[in-house]
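Subject: Structure handover

Hello,

Here is the structure I said I would pass on. Please open it first and then read my notes below.

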Amino acid sequence: MTEHKLLVVGGRIQTLRKAAALGIRFVLIQHKDQFVPEAARLAEAVIIADYTDWETTRPLVEAAHRAYGFTRVVSITEPGLVPAARISDHLGLGGTTEEVAELLRDKHAMRRHLAASDSPGVRALSVAAAEVDGPEALAAFGAEHGYPFVLKPADATASLGVVRVDGPADAAAAWAGVEALRARTDLQWGSFFTIGPFIAEQYIPGPEYSVETFSFAGRHIVLAVTEKLTGDGFVELGHALPARLAPADEQRIEEAVVRFLDAIGLADGAAHTELRLAPGGPQVIESHNRMGGDRIFDLLDTAYGIDLEEWIVAWQFRLVPALTARPAARCAAATRFLSAEPGTVTAVTGADRARALDTTIDVEVAVRPGDTVGALRGNWDRVGQVLASGPDTAAAVAAAERLTAEVAVETAVAPAGAVREGAAA
């Protein structure tokens with residue numbers, strides 16, 4: 001029997017399958033709403049608990065550690081990152097520390113940390129930010145730092161609650177949006193996230209990218225730069241990689257992300273860093289010590305042959321070799337998201353035809369007839385996703401856009417006050 005023993009905090013069943021295939025024995029701690037029976041067949045043991053509640057989690061993982069002797073802790077899901085680091089610190093198992101995980105979770109803490117750096121190059125990666133508690137604070141921030149600026153939750157994800165404030169007249173409406181968001185009871189992953197403090201931060205102009213990296217004992221390797229398509233607001237409508245960039249700009253982005261990860265203190269594992277290429281150079285929007293969402297990991301696997309989810313668990317026990325240089329792409333891949341008018345879904349058409357196309361990686365429709373579609377307010381409000389490949393990025397993007405034209409989600413107007421039900425991002 002292998003001596004590779006792991007604690008997995010939350011996450012996808014696919015992670016567990018990959019750990020088992022590698023011969024890793026593991027204990028899973030999972031929220032009751034996310035448990036699937038297959039996990040019990042794969043794991044040494046399963047603990048059903050709210051792993052974001054430390055008072056509940058601490059005695060359970062202490063007992064599991066004594067009983068099963070796991071030596072590493074990992075999570076690939078956003079709400080599990082800080083708990084995993086806290087457990088690892090508490091048990092003295094090494095890995096990413098709670099301090100680092102918190103810096104990446106709390107966007108205001110991240111801004112303060114960068115601003116306090118002795119390095120001008122690190123400070124240049126960030127922008128001014130402040131916690132705000134009402135429209136008067138928004139107006140004060142605008143008066144000090146100028147317009148436009150961005151208002152967003154300090155610790156949410158999926159573009160939830162992110163708005164641009166263009167002038168003093170927008171302050172009251174922007175804060176009303178905050179209060180409306182805090183009052184919602186239909187948020188996906190609502191059992192994991194509470195809408196807490198909001199921050200205002202200077203708006204970063206320029207095209208937006210994400211950078212997918214893997215760190216090997218402190219050496220950060222950029223795996224890919226991903227270009228993003230956003231709508232009128234901040235909701236992400238698509239991704240493509242490798243990004244179409246001039247070599248000099250790509251080098252500036254790579255150097256900026258390496259500098260950022262060094263400053264934050266991340267040493268091992270995957271990271272997904274979002275930034276914009278501003279006129280003065282790359283500036284970081286946010287970062288996460290996990291693989292990117294929106295199935296960017298599937299784009300990465302298609303274009304580079306890198307199963308990042310497998311790497312995350314394998315690297316815990318050095319079961320994959322450390323890279324020494326950036327990998328070369330073997331093709332390109334892109335994704336676009338499906339949208340629909342708010343209302344009740346009456347029909348979904350074209351998905352099977354789209355799946356049969358040669359360039360299709362996958363077609364995922366997250367709604368079915370009878371479900372209710374709400375307004376597009378965040379990434380979780382999208383109704384589906386298509387993924388396609390191509391010999392280069394332009395071809396992959398064109399293929400993905402053909403798929404969005406092929407798949408149709410038809411709706412009828414919903415009754416006033418209706419909310420979307422039953423859909424998954």
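Two rings of Phe, Tyr or Trp (for Trp, the six-membered ring) count as a pair if their centres lie within 6.5 Å; the pair is stacked if the planes are under 30 degrees apart, edge-to-face if over 60, and tilted for the rest. F214, F216, W311 and W315 form one aromatic cluster.

Some notes on the source. This is a predicted model, in which local features need pLDDT of at least 70 and side-chain atom pairs count only at pLDDT 80 or more, while totals for chains, interfaces and linings use all residues. Residues are numbered from 1 along each chain as its sequence is written, and side-chain values use heavy atoms, with hydrogens and water left out.

Aromatic rings

There are 7 aromatic pairs in the structure. One of them is W175 with F198, an edge-to-face pair with 6.2 Å from centre to centre and 70 degrees between the planes. This pair links distant parts of the chain, since W175 is in helix 9 (residues 171-183) and F198 is in strand 8 (residues 198-202), 23 residues apart. Helices (H or I, at least four residues) and strands (E, at least two) are DSSP runs, numbered from the N terminus. Both W175 and F198 are buried, where buried means under 20% relative accessible area, exposed means over 50%, and partly exposed lies in between (1.4 Å probe, protein chains only).

Why is the pair of F214 and F216 tilted? The ring centres are 4.9 Å apart and the planes are at 40 degrees, so the pair of F214 and F216 falls in the tilted class. F214 has a relative accessible area of 0% and is therefore buried. F216 counts as buried because its relative accessibility is 2%.

Charges over rings

A charge sits over a ring if NZ of Lys or CZ of Arg is within 6 Å of the ring centre and within 35 degrees of the ring normal. R318 lies over the face of W315, at 3.9 Å from the ring centre. R164 lies over the face of Y203, at 4.7 Å from the ring centre.

Strand 2

Of the 6 residues in strand 2 (residues 25-30), 5 are buried. Strand 2 pairs with strand 1 (residues 5-9) in the parallel sense over 5 bridges; two strands pair if DSSP finds at least two bridges between them. K5 has R25 in strand 2 as its bridge partner. Strand 2 also runs parallel to strand 3 (residues 45-48), joined by 4 bridges, and V27 stands opposite A45 in strand 3.

Regards
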